[in-house]
Amino acid sequence: MASDKADGEIAAQLDEFDELISSGAICISSDSESEVDDVIDLDNIDLESLPPSPVIGAKRKSTSTDEVPCVESVRQRRATVELPFPDGAVRLTRMVGQKENLAEAMTLSDILQKGKLRKALLSTYVLDLDWLLRHFDSSTKLVIVKSYDPKVEQRGVHQSEGGRITLVNPEFINQTYPMMHSKVMLLFYDDYVRFVVPSANLFDIDWTVLQNIVFIQDMPYTSEAVSSGFAEELAGSLRDISVPAAVVERLNFVDCSRVKVHIVTSVPTAAGRSQFHADSYGLDRLSKVAKMMRDPELDESESYDTKLYCYGSSMGRLTSAYLRNFYARAMGSTPVNIQSSGGLSTSDMERNVKVGFHTQAQGLGNVHGSTPRQCIKFKADFYSNPPFPRYALHRVESKVANTLIHAKVILARSNATNKGQRKPGERGWIYLGSHNFTPGAWGHVQRGPDKRCNINNYEFGVILPSVHFESMFGRDTVTWNGTRVPLPFRLAWSEYEKGDIPLLSE
């Protein structure tokens, strides 16, 4: 009976998702205000938090190292601990029956290591709590940030099992289409914290019969509070989704010095925190990161030969204007600046964006039947709507034959850095996380002098900078930070052929 109830709740969530996609998930703006640090304070809950310090924006006075418990033991363990993923790595989820690329695939159990895990923070859109709890020891404390219907539930904290499980409903203010779609994990072990950014929800289908992608990095504890730009970014992103302060403050004593990825998140425009940090989310954040990653040795116009390969499991109401604006932001610029400095026309910018999506034939031919197809969303009326840029649609081939991809990935690939050099291949960056290629996730550029993005969803992802792409003799090689990056699809994308139609929602 419990399983039937869980299945019914998941089906309801998927039906709700269909309604959001149908509506286009456009946010209704609000004049409501909230405090800058709008975080649910759970200090009264026994999360055994490390002492706070001003490093991550804590409001209390600095704590001396003498007050930090087990300082010497932390130092000793840090000197001897071997981290499985000290420099970060990308992995794919391992599907049932999978025989290809097993060395680059992980199950949820592989990631969690439940026998070693002490506490965990997780966020998700779809949640099957009964299924999820089977992956943890009964003593492991969990904080789970989830989506919810504000007409049925209220914002706040709900606890069960004597405080062992804390469910968090983040802020929704006057939103017609509320969606908490962020997916991130912080896993706390004795010697280190594991930072995980998956594209999979916390239910069975996403981890067993759909191909998803995961970024994973292990960071050791420190005995002294340390300042870190990445930790501050992460702390702010967790506050955005109302993660308890006691959890956020743990980042004060985590060594993030080897982290090289950039965090990119989205927060609904109507949310209180968005009103104070409006340029920190969605396309605006993407533009900031793109500027930071720009090669100083290159003229700005040289980067405009970049092509974007955008894959998501849900399709939004796209237009040619949206492709143009997205491309410009991903270059750290604007359409007007690109036209004037790079010589690209509006059509060039639009054509530089390739949108990957499974065809109907691929959907019907996948080996797992109809179950995974319900998680691939493309409304028929979106496709039939005349403004939809059909020319941008490209066929993608899964690395695991006859399976469907639920990952959300953007590849930015350019030959610019190879001009005058003999080394083959392309340079660029990779985004992976929860953002589908939709205006609801990344934001719709509004008309007006400030060109502010209007965002509907909560989203979370990371960008891997300085990526090298190469495809020779039918073999793809993608490397970042000295390691291979497995992708769920092949690098070669092809335009839809005559007779091809996308896998439309059932």
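Reader: Hi! For contacts between residues at least 6 apart in sequence, what share joins residues at least 24 apart?
Author: In this protein, 75% of those contacts join residues at least 24 apart, a contact being heavy atoms within 4.5 Å.

Reader: Thanks! What sort of model is this?
Author: This is a predicted model, where local features need pLDDT of at least 70 and side-chain atom pairs count only at pLDDT 80 or more, while totals for chains, interfaces and linings use all residues. Residues are numbered from 1 along each chain as its sequence is written, and side-chain values use heavy atoms, leaving out hydrogens and water.

Reader: How many helices and strands does the protein have?
Author: There are 16 helices and 22 strands. Both are DSSP runs numbered from the N terminus: helices are H or I with at least four residues, strands are E with at least two.

Reader: And how much of the protein is buried?
Author: Of its 506 residues, 59% count as buried. Buried means under 20% relative accessible area, exposed over 50%, and partly exposed in between, with a 1.4 Å probe and protein chains only.

Reader: Where in the chain do R194 and D218 sit?
Author: R194 is in strand β9 (residues 192–198) and D218 in strand β10 (residues 213–220), so the pair links distant parts of the chain, 24 residues apart. Both R194 and D218 are buried.

Reader: Which residue does R413 pair with?
Author: R413 forms a salt bridge with E426, with 2.8 Å between the closest N and O atoms. This pair also links distant parts of the chain: R413 lies in strand β15 (residues 409–414) and E426 in strand β16 (residues 426–433), 13 residues apart.

Reader: Are R413 and E426 buried or exposed?
Author: R413 is buried at 10% relative accessibility, and E426 is buried at 17%.

Reader: What about E161, which residue is its partner?
Author: E161 bridges to R164, the closest N and O atoms being 2.9 Å apart. E161 is partly exposed at 48% relative accessible area, whereas R164 is buried at 9%.

Methods:
Salt bridge = Lys/Arg side-chain N within 4 Å of Asp/Glu carboxyl O.
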